[in-house]
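Visitor: I have a structure to go through. Can we take it piece by piece?

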Amino acid sequence: MKLYNSLSHEKEEFVPHTPGKVSMYTCGPTVYNFAHIGNLRTYIMEDVLDRYLRYSGYEVKRVMNITDVGHLTGDSDEGEDKMLSGAKREHKSVMEIAKFYTDAFFSDCKRLNIRRPDVVEPATACIGQFIKVIKKLMETGYAYEAGGNVYFDTSKLEQYYVFHNFEEEELRDGVREGVEKDENKRNKADFVLWFTKSKFDNQELKWNSPWGVGYPGWHIECSCISMKNLGEYLDIHCGGIDNAFPHHTNEIAQSEAYLGHKWCNYWVHVLHLNTGSGKMSKSKGEFLTLSRLAEKGYDPIAYRFFCLQSHYRRNLVFTYENLDNAVQAYDKLIARLAQLDPRDGEVNKEAAESLRAKFTEAMDNDINTSLAVTALYDVLKADVNDATKLWLAEDFDRVLCLDLIKKAEEKRSADAAQADPELCRKIEALIEERAAAKRDKNYARADEIRNEISALGAVLEDTKDGTKYKIVK
Ligand code: AMP
Ligand code: ZN
């Protein structure tokens with residue numbers, strides 16, 4: 001499998017540190033507001049990578065942080081804590097805000113079939129770990145105290161701009177417009193590891209530290225949460241492209257200074273979801289949430305499909321017209337799958353393997369989801385029986401997670417119901433009769449009714465919301 005590595009700017013063969021096992025770290029959300037659909041693009045694409053690694057037979061351990069302290073409104077060390085400004089806006093405590101938006105984030109993830117990482121850790125739960133790492137950086141001369149804060153000294157490194165982002169390198173000589181100059185820093189690129197009350201007096205969450213009461217910088221949390229859960233060697237670190245600098249650059253600086261060796265081998269960055277006027281961003285206030293899309297009648301999984309249709313290393317432009325096109329294509333795909341008869345013969349394993357090879361070839365080529373979707377269309381066009389097609393769709397969907405089989409079954413059932421309302425009434429009456437038989441503990445009769453329903457071509461499913469049925473022929 002080849003992955004594009006931002007460190008080398010090349011597609012590289014993926015070789016994990018320990019054969020068969022993958023350690024993977026994902027920068028999690030800053031929970032001061034809802035995630036926007038741009039953030040969710042990044043999480044969808046990272047989910048696909050995670051799932052494809054598992055599909056390929058790797059044992060994956062994936063860790064994600066929740067930024068509930070320390071991320072400032074400026075993208076380096078300036079401004080107010082985003083969490084604090086969120087809390088002020090909503091007249092709530094920082095922890096209330098964090099809980100509310102963390103839950104909202106995972107609820108969005110669930111609706112998008114994004115698997116919850118194996119470990120999810122909020123920054124506020126790891127303060128001791130941050131202090132331990134900063135202490136060592138102080139002892140080894142990589143960090144210094146100035147004006148009440150602790151800074152990382154970037155001049156101590158042989159190479160700081162690891163992603164070769166020369167545009168950002170110009171920052172060494174000039175401070176960007178709108179960014180306040182911090183007189184405490186020895187070098188312009190230095191960044192804060194620990195703030196003390198000397199800088200932000202009104203910070204709600206503060207902890208004791210050897211450098212005074214304060215709170216951690218943003219970057220230190222990801223290094224520490226990763227090292228704590230995944231050890232000294234990390235295989236894959238991912239995030240949106242805006243995180244490459246300064247966030248990931250600083251993570252590498254402090255982690256490698258702390259460890260004394262290379263830390264992470266592969267850096268995977270997802271490009272942005274843009275609107276007509278540029279990057280979708282929370283701070284610009286111009287952002288769209290998944291709930292807003294759902295209110296407008298869009299199925300969250302259709303948004304997942306929209307994202308998978310393009311490669312993660314290309315910017316994706318969001319317009320309703322583009323999304324509508326994706327919805328149409330998704331509905332058509334489901335309709336075609338619904339027309340397939342699951343009982344049409346045996347799965348032809350040999351034909352399936354050769355069709356599957358197209359899918360794995362696409363995914364092995366730097367997670368090319370757009371070609372993987374094409375491989376799915378190729379299956380539908382292929383000269384194989386329906387059972388083989390459905391088997392392949394189900395197999396690919398372990399990675400794509402587009403609910404292909406479930407939605408196709410629902411559509412098949414709805415189509416059948418529309419075509420034969422009399423049959424539906426019959427089945428529904430039998431379901432009622434079965435429920436009554438069960439209430440009377442007449443299980444023999446209940447089983448008999450299940451068989452009668454089956455003979456009518458439907459299968460029953462007992463759910464917490466009552467008995468549902470699917471028409472299968
Ligand atoms: P945040 O909650 O701001 O820390 O961002 C969460 C994730 O979303 C990070 O990995 C960001 O790099 C990513 N991200 C932010 N804006 C966008 C965007 N417009 N498109 C795609 N990913 C984004
Ligand atoms: Zn991070």
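Guide: We will go through a sheet, then a pair of helices. This is a predicted model, where local features need pLDDT of at least 70 and side-chain atom pairs count only at pLDDT 80 or more, while totals for chains, interfaces and linings use all residues. Residues are numbered from 1 along each chain as its sequence is written, and side-chain values use heavy atoms, with hydrogens and water left out.

Visitor: In what order do the strands of the open sheet come?

Guide: The order is 6-7-8-9, with antiparallel pairing. Strands here are DSSP runs of E, at least two residues, and helices are runs of H or I, at least four, numbered from the N terminus. Two strands pair if DSSP finds at least two bridges between them.

Visitor: Which are the edge strands?

Guide: Strand 6 (143–146) and strand 9 (214–216), as each pairs on one side only.

Visitor: How many bridges join strand 6 and strand 7?

Guide: Strand 6 pairs with strand 7 (residues 149–152) over 4 bridges. Within that pairing, Ala143 stands opposite Phe152.

Visitor: New topic. At what angle do the axes of helix 12 and helix 13 cross?

Guide: Helix 12 (residues 369–381) and helix 13 (residues 386–400) cross at roughly 170°, their axes coming within 10 Å. Axes are lines fitted to C-alpha atoms, for helices over the stretch in contact (heavy atoms within 4.5 Å), and angles run from 0 to 180 degrees between N-to-C directions. The two helices are therefore roughly antiparallel, a term for angles over 145 degrees.

Visitor: Which residues meet there?

Guide: Among them are Leu376 and Val379 in helix 12, and Leu392 and Phe396 in helix 13.

Note on methods. Chains are lettered from A and ligands numbered from 1 in the order in which they are written. Angles under 35 degrees count as roughly parallel, over 145 as roughly antiparallel, 65 to 115 as roughly perpendicular and the rest as oblique.
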